[in-house]
Amino acid sequence: MSTAKGPLKGRAARLGRLMPSGPSSAARTPFVLLVVVLLGGGLISLLLLNSALNQGSFQLNELKDRTTELTDEEQALQRDVDDYAAPDALERRARELGMVPGGSPAFLGPDGKVLGEPSEAVAPKPTPTPSRKPTPGGKPAPPAATGSPKPGTTTGAPASTAPARAPAPDPTNSGR
């Protein structure tokens, strides 16, 4: 049995025509281009993703800084509110407005009866004030009018013995 390497016949000839007869670079070119395109696309997408993450981190840092500033401002405002709400500050501002400490309180009972003895608030004796500067005309300035009448004097309004009653809170909203 000898095998001769001659021309192929029949089925082998048809299969031989389908297979390339020599080394061919044309079949590898599309595969190499596909791999290069995929690698390049992957690198570009990683670059874009990294840029987006960096931009997000910059925005996050700016927002954290802004939050810190606003927190500091809120704390400063809360300190101011606390200072204004302190009892001694309230008393000082009330005296500046001409208010005086109230007398003994009286209360209204559920049946409308007055409980306790109401008394008028009496202004304390004023501290001596320095003399007033003369006006440009040479006369001293007139005294400033005070907000409360002197004890024992009456104004045009009738005096009421019952204290003013505050409006009752609305029961439906529970004070909110």
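The secondary structure of the protein comprises three helices and two strands, where helices (H or I, at least four residues) and strands (E, at least two) are DSSP runs numbered from the N terminus. Along the sequence, these elements follow the pattern α-α-α-β-β. The model is predicted, so that local features need pLDDT of at least 70 and side-chain atom pairs count only at pLDDT 80 or more, whereas totals for chains, interfaces and linings use all residues. Residues are numbered from 1 along each chain as its sequence is written, and side-chain values use heavy atoms, with hydrogens and water left out.

Of the 176 residues in the protein, 2% are buried; buried denotes under 20% relative accessible area, exposed over 50%, and partly exposed in between (1.4 Å probe, protein chains only). The accessible surface comes to about 16,700 Å², and carbon and sulfur atoms account for 63% of this surface. Accessible areas come from the Shrake-Rupley method with a 1.4 Å probe; for residues, only the protein chains shown count as cover.

Helix α2 (residues 28-85) packs against helix α3 (residues 87-96) at an angle of about 65°, with the axes 5 Å apart. The contact (heavy atoms within 4.5 Å) involves Asp83, Tyr84 and Ala85 of α2 together with Pro87, Ala89, Leu90 and Arg93 of α3. Axes are lines fitted to C-alpha atoms over the stretch in contact, and angles run from 0 to 180 degrees between N-to-C directions.

Helix α2 also contains phenylalanine 31, which is exposed at a relative accessible area of 55%. Phe31, Val32, Val35, Val36 and Leu39 form a nonpolar surface patch with about 470 Å² of accessible area together. Such patches consist of residues with over 30% relative accessible area and no salt bridge, nonpolar side chains (Val, Leu, Ile, Met, Phe, Trp, Tyr) being joined within 5 Å and like charges within 9 Å.

Three salt bridges are found in the whole structure, each defined by a side-chain nitrogen of Lys or Arg within 4 Å of a carboxyl oxygen of Asp or Glu. In one of them, glutamate 69 pairs with arginine 66, the closest N and O atoms being 3.7 Å apart. Both residues lie in helix α2, three residues apart, about one turn of the helix. Glutamate 91 forms a salt bridge with arginine 95 at 3.2 Å between the closest N and O atoms; because glutamate 91 and arginine 95 are four residues apart in helix α3, about one helical turn separates them. Arginine 92 and glutamate 96 meet in a salt bridge at 3.8 Å, N to O. Arginine 92 is partly exposed at 45% relative accessibility, whereas glutamate 96 is exposed, with a relative accessible area of 60%.
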